[in-house]
Amino acid sequence: MATTHADRIRAHLVQLATAGLDVRAFTDAALALLVRAVPFDSACMATADPATNILTGTTKWGELGDASDEEWARFEYLVPDVYDFRDVAQRPGQVTSLRVETGDHAERSARFRRYLRPAWGFRDELRAALRADDGNVWGYLALYRHDDSAFTLADQQFVSVVAPLLAVGLRAGLLATAVTEGALDAPVVLIVDGDGQIVQAGPGAEELAADLGAGPLHGSLLPVALRALTQAARSGRPAVPRTRLRTLSGQWLVAHAAPLRSRDGSTSDIVVTIEEARPPEIVPLVIAAFGLTRREQDVVRLVLQGLDTGQIAATLHLSAHTVQDHLKIIFDKTGVRSRRELTAKVFYDQYAPRMNGRLAPNGWFAEASRPAGTPAVSAAEPGSPTAPAETRGGLKAVRHAGR
């Protein structure tokens, strides 16, 4: 069988995905290949947080720029529409186009009618979720055309076939970027004696202690946010105590403590390990702050991923009616009116302030900038997470923008 042009493009993408390029270099090269198989005028490839499927950064191609990113986010996460990226991630093939979705009546889409057409003059959009072989969504793709030639089913099929390759390339690019830039900082280790004083410390501890509000490192008392943690470690409980806390600069951290046993069996010293909070740590912080039960938190986690009522019910082994009851309670506790507003709240609190920041290989931000309006220090005792402050005026500002 003769090799087709599309086959050659796919073979090049296979090579590109494993070439060890960083995210930007991979994206630029991938789009330059893709346009030869599926012609388009502009494009955007975005990275996503695998824990929530929410966007973390974008790379534009063509005439698209960054000036209207905030407006784009409003339509993506707050304004109801016929579909969004997280909807696409739940569909067979994980690809769709605007004119197919609307029966060739693109004006039915609020995003098209009020944003894509007036701002850019686009006539059609193709979207794909980029899910790798590990089952995680590592990014999204959006392609745009100006003329009346709609994206065809053949275009969608080709993008669906190569989408996993693009996901692998993004995932590998995060690792390549970390290796190149040295983005992965080792966890900070502190040794605390029986009096609660820091007696030994690993690299980076001096800066971290200052960011936690502590004085000079050696011989000083452990920051107050960690004292309860070491006391719990001395209690002899089987489980390793842990806590989540926030630094003066606004970074979320996770700390663990465990006793160090000497040869004689004594355990006077405690080792405290502190590392950056990962997405599964941050999202529960956001949603637990509203006093949600464990089951309600499970429902919110799946809502953030874009699952509908039936999918949530199947995942949690609940009835659809029970899921709806949980959602009513969740909306009441969080002060929102819909799943979209709930997602927008998490996006504007945790993602928007960090968008296009440097990413670690796990898909979360390698460096967490302090969102405007956050408290200087917010620490949690073990098992009692503290609420982060809303940013950019919180959901109130989002609602105002949506009017």
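Modeller: A residue is called buried when its relative accessible area is under 20%, exposed when that area is over 50%, and partly exposed in between. By that cut-off Trp72 counts as buried, because its relative accessibility is 15%. Please keep in mind that this is a predicted model.

Colleague: OK, and which ring does Trp72 pair with?

Modeller: Trp72 forms an aromatic pair with Tyr77, with 6.4 Å from centre to centre and 90° between the planes, and that pair is edge-to-face. Tyr77 is buried too, at 2% relative accessibility. Both residues belong to one aromatic cluster, which also includes Phe85, Tyr140, Phe347 and Tyr348.

Colleague: How many aromatic pairs does the structure hold?

Modeller: There are 10 aromatic pairs in the structure. One of them joins Phe40 and Trp61, whose ring centres are 5.0 Å apart and whose planes meet at 70°, so this pair is edge-to-face.

Colleague: And where do Phe40 and Trp61 lie?

Modeller: Phe40 is in the loop between α2 (23-37) and β1 (42-48), while Trp61 is in strand β2 (residues 55-61), so the pair ties together parts that are 21 residues apart in sequence. Phe40 is buried, with a relative accessible area of 7%, whereas Trp61, at 26% relative accessibility, counts as partly exposed.

Colleague: Switching to charges, which arginine lies over the face of Phe85?

Modeller: That is Arg127, which lies over the face of Phe85 at 3.8 Å from the ring centre. There is also Arg111, found over the face of Tyr83 at 4.9 Å from the ring centre.

Colleague: What about the largest nonpolar core, which residues touch the most other members?

Modeller: That core has 87 residues, and those touching the most other members are Leu13, Met45, Leu130, Leu141 and Leu143. Helix α7 (residues 153-181) supplies the largest share of this core, with nine residues. In soluble globular proteins, nonpolar side chains tend to be buried together.

Colleague: What does Leu13 touch, leaving out residues up to four places away in sequence?

Modeller: With those left out, Leu13 touches Ala30, Leu33, Val162, Leu165 and Leu166.

Colleague: Now the helices: at what angle do α11 and α13 pack?

Modeller: Helix α11 (residues 294-304) packs with α13 at an angle of about 90°, and their axes are 10 Å apart. The two count as roughly perpendicular, because angles of 65 to 115 degrees fall in that class.

Colleague: Which residues of α11 and α13 meet there?

Modeller: On the α11 side they are Arg295, Glu296, Val299, Val300 and Val303, and these meet His326, Leu327, Ile329, Ile330 and Lys333 in α13.

Colleague: Last topic, backbone: which residues have a positive phi although they are not glycine?

Modeller: Two that I can point to are His317, with a positive phi of about 60°, and Asn356, with a positive phi of about 65°. Most residues other than glycine have a negative phi.

Colleague: Is His317 buried or exposed, and where is it found?

Modeller: His317 is exposed, with a relative accessible area of 73%, and it is found in the loop between α12 (309-316) and α13 (320-334).

Colleague: And where does Asn356 lie?

Modeller: Asn356 lies in the loop between α14 (339-351) and β11 (378-379), and at 42% relative accessibility Asn356 counts as partly exposed.

How values were computed: Residues numbered from 1 in each chain as written. Predicted model: local features only at pLDDT ≥ 70, side-chain atom pairs only at ≥ 80, totals over all residues. Heavy atoms only, no water. Helix = DSSP H or I, 4+ residues; strand = E, 2+ residues; numbered from the N terminus. Buried < 20%, exposed > 50% of the residue type's maximum accessible area, 1.4 Å probe, protein only. Phe/Tyr/Trp six-rings, centres within 6.5 Å; stacked < 30°, edge-to-face > 60°. Lys NZ or Arg CZ within 6 Å of the ring centre and 35° of its normal. Core = buried A, V, L, I, M, F, W, Y, C linked by side-chain atoms within 4.5 Å. Contact = heavy atoms within 4.5 Å. Axes fitted to C-alpha atoms, helices over the stretch in contact; angles between N-to-C directions. Parallel < 35°, antiparallel > 145°, perpendicular 65-115°, else oblique.
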